[in-house]
Amino acid sequence: MVASSRSAAPAPVPRLPFPAAAGVLFGIGLGGFFDGIVLHQLLQWHHMLTSAGYPADSVRNLEINTLADGLFHSATYVCVAAGLVLLWRRAHGRHLWWSTRLLAGTMLVGFGGFNVVEGLVNHQLLGLHHVNETVPREQWVWWDMGFLLWGAAMAAAGAWLWRSAPPPGGERSTP
């Protein structure tokens with residue numbers, strides 16, 4: 001008996017949907033890193049607890065704030081690591097449908113959402129710190145509101161990108 005020289009065509013590999021949770025977690029982590037690195041460390045406008053009874057006016061208060069800032073950075077690091085795990089688990093050894101709009105959109109949703117939640121909880125509800133504590137106190141609210149608006153705008157732009165992304169296998173509408 002002779003084997004057939006024709007082989008069956010391989011079955012098409014289905015494309016998996018983009019892991020949106022990974023993008024959101026990356027955005028939350030990057031939003032936290034931006035806040036901690038730029039606002040806490042580089043500009044030194046505030047630290048985690050500067051309005052919660054630990055103003056940056058003594059070495060002891062700076063030590064407390066540095067520890068709180070470190071815990072905050074650890075939490076944002078966990079978000080980035082979790083996003084990486086989700087992305088890796090979905091993409092490893094499979095055909096993942098990659099979309100720039102989905103990645104950018106979900107990251108903006110996470111980044112902007114981080115700013116809105118952090119701004120509402122830490123700045124407004126708990127009063128732990130404010131965006132720019134180097135300006136006169138009566139101006140703090142304007143910086144806090146700007147931070148919230150910036151976060152909401154990023155989240156809205158991200159949601160628009162996310163919704164406007166073509167479906168898996170679909171054609172791109174923009175370059």
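What share of the contacts in the protein chain with a separation of 6 or more is accounted for by residues 24 or more positions apart? The share is 76%, where contact means heavy atoms within 4.5 Å. The structure is a predicted model, in which local features need pLDDT of at least 70, side-chain atom pairs count only at pLDDT 80 or more, and totals for chains, interfaces and linings use all residues. Residues are numbered from 1 along each chain as its sequence is written, and side-chain values use heavy atoms, with hydrogens and water left out.

The protein chain contains four helices and zero strands, giving the pattern α-α-α-α along the sequence. Helices (H or I, at least four residues) and strands (E, at least two) are DSSP runs, numbered from the N terminus. Of the 175 residues in the protein chain, 38% are buried. Here buried denotes a relative accessible area under 20%, exposed one over 50%, and partly exposed one in between, with a 1.4 Å probe and protein chains only.

The account may begin with helix α1, which has 23 residues. The distance from its first C-alpha to its last is 31 Å, close to the 33 Å expected at 1.5 Å a residue; the expected span is 1.5 Å times one less than the number of residues. After α1 comes Q44, with a positive phi near 55°, and Q44 is a residue other than glycine. Q44 belongs to the loop between α1 and α2 and is exposed, its relative accessible area being 54%.

The loop between α1 and α2 also holds H46, which is buried, with a relative accessible area of 1%. When neighbours within four places in sequence are left aside, the contacts of H46 are D35, L39, H40, H129, H130, V131 and E133. Between H46 and N132 there are 6.3 Å in space, C-alpha to C-alpha, although the two are 86 residues apart in sequence.

Helix α2 covers residues 59–91. Its 33 residues should span 48 Å at 1.5 Å a residue, and the end C-alpha atoms are 47 Å apart, which agrees. The buried residues of α2 include N61, I64, F72, H73, C79 and L87, and the buried residues of this helix pack against α1 (20–42) and α3.

Two packed helices are described by the angle between their axes and the distance between the axes. Axes are lines fitted to C-alpha atoms, for helices over the stretch in contact, and angles run from 0 to 180 degrees between N-to-C directions. The axes of α1 and α2 come within 8 Å and cross at roughly 155°. The two helices are therefore roughly antiparallel, a term for angles over 145 degrees, whereas those under 35 count as roughly parallel, 65 to 115 as roughly perpendicular and the rest as oblique. The crossing of α1 and α2 is left-handed, that is, the near helix is turned anticlockwise from the far one by less than a right angle. Their contact has 16 nonpolar, eight polar and two charged residues. In this scheme, Ala, Val, Leu, Ile, Met, Phe, Trp, Tyr, Cys and Pro are nonpolar, Asp, Glu, Lys and Arg are charged, and the others, Gly among them, are polar.

The contact of α3 with α4 has 17 nonpolar, 11 polar and three charged residues.
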